[in-house]
Amino acid sequence: MSGPDAPPSAPTFWQALCFWLKLGFVSFGGPAGQIALMHTELVERRRWISESRFLHALNYCMVLPGPEAQQLATYIGWLLHRTWGGVVAGALFVLPSLFVLVGLSWVYLRFGDVPAIAGLFYGLKPAVTALVLHAAHRIGTRALKNPWMWGIAAAAFVALFALDTPFPAIVVAAGLVGHFGARRWPQVFALGGGHGPGKSSSGPAVIDDGTPPPPHARFSRCGLVRVVTVGLGLWGLGMAVLALAFGWHGVLTQMAWFFTKAALMTFGGAYAVLPYVVQGAVEQHQWLSGAQMMDGLALGETTPGPLIMVVAFVGFVGGWLHQVLGAEQALLGAMLAATVVTFFTFLPSFVFILAGGPLVESTHGRLGFTAPLSAITAAVVGVIVNLALFFAAHVLWPQGMAGGFDAMAALIATAAAVALFRFQVGVLPLLAACALAGWCVRASGGGLA
């Protein structure tokens with residue numbers, strides 16, 4: 001076994017595959033919790049990548065449209081094992097969630113309300129709130145290394161919480177602060193905030209701070225053109241098949257087109273694009289009702305994988321209700337719709353990583369590139385805190401601020417936070433305990449609806 005001063009052995013493709021598969025089933029807690037989990041496993045425990053390289057990749061994924069945690073997994077998988085490593089890492093981050101959501105969506109449509117499941121969800125929501133808050137703390141302790149970074153995080157929080165500023169505007173403003181601020185105070189905006197080189201205390205990593213990019217991660221125009229061409233070809237082929245089979249105005253074709261556009265607007269995670277999805281899927285296309293959309297969001301919050309996977313629920317329900325393959329094949333049609341929506345939602349993420357990764361690797365350590373991204377990371381900490389408060393408000397006041405305060409949900413959330421901050425309890429044991437507590441509360445008639 002490698003000592004703390006020696007880098008570990010590079011993982012084989014199959015070792016990495018097993019890890020990405022496991023991650024896909026335990027990646028609860030939204031993007032913040034998923035990123036924190038990857039940091040613990042990949043930087044601290046396995047040492048496959050150093051702290052500085054991890055944050056460099058994360059900064060890039062933060063400014064892309066799409067689910068940043070899934071893109072980060074794709075990036076690290078690509079860095080370790082070329083294109084197929086990235087494809088496998090990104091796909092396995094999504095597929096478990098797709099399977100789980102398809103199963104839960106079928107139960108939801110086929111059997112209606114299930115009190116036992118509702119009780120489990122009642123306990124899981126406070127746990128998710130605590131997980132997001134804990135992840136904001138963990139990321140903040142690494143990103144907020146000086147008063148400037150704290151100020152950027154606070155300004156981002158106020159802009160989102162009090163002024164309802166669009167997330168892309170926050171990203172642009174933070175990037176500009178980092179760009180111009182680094183010219184006058186370069187040490188402030190260096191990765192890690194100027195407090196040393198940012199090397200992880202966990203010891204040397206397989207991909208360490210000074211490790212040169214492998215041959216496949218070096219930028220070339222031919223490689224860029226090849227990835228973009230393949231990505232556009234897959235998208236065009238998928239759209240052509242759907243248009244020929246169902247017509248341009250068919251439900252599946254319109255879902256593919258709509259969620260392609262949605263995938264390019266998901267700056268800042270799922271909550272930034274949910275209003276667009278609600279407007280299009282509920283009001284414009286009427287693939288499902290507003291109440292069904294809210295139920296789908298609850299399922300998305302409490303299943304592994306990125307929250308944007310709620311689009312699979314939208315696809316499943318729309319395919320089921322609109323009988324895209326006929327009434328006799330309602331389930332098969334719904335599964336096909338969920339798969340189509342998932343494919344077109346996540347395809348751009350793979351193209352962004354595989355096409356842009358080599359360029360990002362060539363900028364490692366260059367302050368002109370890292371300073372804006374360091375400032376953006378600080379801003380995202382404020383955004384995550386705002387998300388935690390959003391969750392808390394909906395968990396503790398489920399009927400709105402004018403309704404009653406849910407003391408039992410508050411108790412579960414507090415216990416979950418203590419377990420995370422004080423006792424470092426793992427994600428799965430925490431979720432299991434909170435789900436059991438929620439089931440007991442609902443079984444005894446407690447809690448608010």
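**Briefing: rings, charges and helices**

A search of the whole structure finds 13 aromatic pairs, where rings of Phe, Tyr and Trp (its six-membered ring) pair if their centres lie within 6.5 Å, and where planes under 30 degrees apart count as stacked, over 60 as edge-to-face and the rest as tilted. One of them joins F13 and W14, whose rings are 5.7 Å apart centre to centre with 90° between their planes, an edge-to-face arrangement. This is a predicted model, in which local features need pLDDT of at least 70 and side-chain atom pairs count only at pLDDT 80 or more, while totals for chains, interfaces and linings use all residues. Residues are numbered from 1 along each chain as its sequence is written, and side-chain values use heavy atoms, with hydrogens and water left out.

**Aromatic rings and charges**

- F13 is partly exposed because its relative accessible area is 29%, given that buried means under 20%, exposed over 50% and partly exposed in between (1.4 Å probe, protein chains only).
- W14, the partner of F13 in the edge-to-face pair, has a relative accessible area of 61% and is therefore exposed.
- F19, W20 and W48 are linked into a cluster by ring pairs.
- The ring of W48 also has the charged end of R46 over it, 5.5 Å from the ring centre, where a charge sits over a ring if NZ of Lys or CZ of Arg is within 6 Å of the ring centre and within 35 degrees of the ring normal.
- The charged end of R422 likewise sits over the ring of F423, at 5.2 Å from its centre.

- Helices (H or I, at least four residues) are DSSP runs numbered from the N terminus, and the expected span of a helix is 1.5 Å times one less than its number of residues.
- Helix α9 (residues 221–246) has 26 residues and reaches 37 Å from its first C-alpha to its last, which is close to the expected 38 Å.
- Among the residues of α9, G223, G231, G238, M239 and L242 are buried, and the helix is followed by G247, which has a positive phi near 85°.
- Helix α10 (residues 251–263) has 13 residues and should therefore span 18 Å, which agrees with the 18 Å between its end C-alpha atoms.
- α10 is mostly covered, since ten of its 13 residues are buried, including L252, M255, F258 and F259.

- V43 lies in helix α2 (residues 30–45) and is buried, because its relative accessible area is 1%.
- V43 and I207 are 164 residues apart in sequence, and their C-alpha atoms are 9.8 Å apart in space.

Methods:
Helix = DSSP H or I, 4+ residues; strand = E, 2+ residues; numbered from the N terminus.
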